[in-house]
Amino acid sequence: MTEAAELPPAPEVAREVFGDRFPDAVRYAELLAEAGVQRGLIGPREVPRLWERHILNCAVLSEAVPEDVTVCDVGSGAGLPGIPLALMREDLKITLLEPLLRRTNFLSEVVELLGLDHVTVVRGRAEEVMGKLQPVHVVTARAVAPLDRLATWGIPLLRPYGEMLALKGDTAEEELKSAATALSKLGAVSTSILHVGEGVVDPLSTVVRVEVGESPGGVRFAAKRAKAARTGRTRRRR
């Protein structure tokens, strides 16, 4: 049995990044290093680099998220980037969307322990909840899938003129090029690559931004969304 790696102390920059929520960020790091590893949500080798590679890497996504919007974190897993973003931004209403029960149990425990009243945990796949969840302004994701596949799940959850923000690594530019046709069919009107986290993380976090027009998901998903809305109205009348 491999001995669990020790969680290093929080870097001083984390205190600046999280402000009043710094103690909660430390508690989250501890939960990831303990229960997260025990439940297979985080690999034990990731514990020594939890702060730089995971928590702070996700927290700086806040720079790209507008104020007072709704967010859906697709394939939230252990809560990355959704939980660090929630600790940074109480102005956001965040849904952590995750299909696996052991992960949603962990996420629910974290949300309750940290008192994140502006966060909701939903168990399900993105393609299953369309029409059941209110469309959001922003979809976030990290290490979920290649961009073309991620877009088919995330973009249909957006409201018109919303945006998807995907944390990516060195392959960001290549993925964006190869996904261009798929993104266009899904209603994307603009794409860009952002680098965030100056003075916080090195290297900077790379974010692929995909902005949509009035029909997120394209024509096919517009029809599905309309059908889901009609079904919802019928149920409410009953």
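Modeller: Gladly! A strand here is a DSSP run of E with at least two residues, and strands are numbered from the N terminus. R142 belongs to strand β4, which covers residues 136-142. Do keep in mind that this is a predicted model.

Colleague: Why is R142 said to have no salt bridge?

Modeller: A salt bridge needs a side-chain nitrogen of Lys or Arg within 4 Å of a carboxyl oxygen of Asp or Glu. For R142, the nearest side chain of opposite charge is E46, at 6.7 Å, so no salt bridge is counted, although R142 is buried.

Colleague: What does the side chain of R142 reach?

Modeller: The backbone oxygen of R53, at 2.9 Å. The cut-off for a polar contact is 3.5 Å, so that distance falls within it.

Colleague: How do you know that V122 is buried?

Modeller: Its relative accessible area is 18%, and buried means under 20%, so V122 qualifies. V122 sits in strand β3, residues 119-123. Its C-alpha atom is 6.5 Å from that of E98, which is 24 residues away along the chain.

Colleague: Which residues lie nearest the centre of the largest pocket?

Modeller: L80, R142, A143, V144 and L167, out of 40 lining residues. The pocket holds about 920 Å³ of space. Helix α3 gives the largest share of the lining, five residues.

Colleague: How does that lining split by class?

Modeller: There are 18 nonpolar, 10 polar and 12 charged residues. Arg counts as charged, so R142 belongs to the charged class.

Notes: Residues are numbered from 1 along each chain as its sequence is written. This is a predicted model: local features need pLDDT of at least 70, side-chain atom pairs count only at pLDDT 80 or more; totals for chains, interfaces and linings use all residues. Side-chain values use heavy atoms; hydrogens and water are left out. On a 1 Å grid over the protein atoms alone, a cavity is a set of points where a 1.4 Å probe fits but cannot get out, and a pocket is an open set with protein on both sides within 12 Å along at least five of seven lines; lining residues have an atom within 4 Å of a point. Grid points are joined across faces, edges and corners, and a volume is the space filled by probe spheres set on the points. Helices (H or I, at least four residues) and strands (E, at least two) are DSSP runs, numbered from the N terminus. Buried means under 20% relative accessible area, exposed over 50%, partly exposed in between (1.4 Å probe, protein chains only). Lys and Arg count as positive and Asp and Glu as negative; His and the chain ends are not counted. A polar contact is a pair of N or O atoms within 3.5 Å; within protein, one must be able to donate a hydrogen and the other to accept it, and residues adjacent in sequence count only if both atoms are side-chain atoms.
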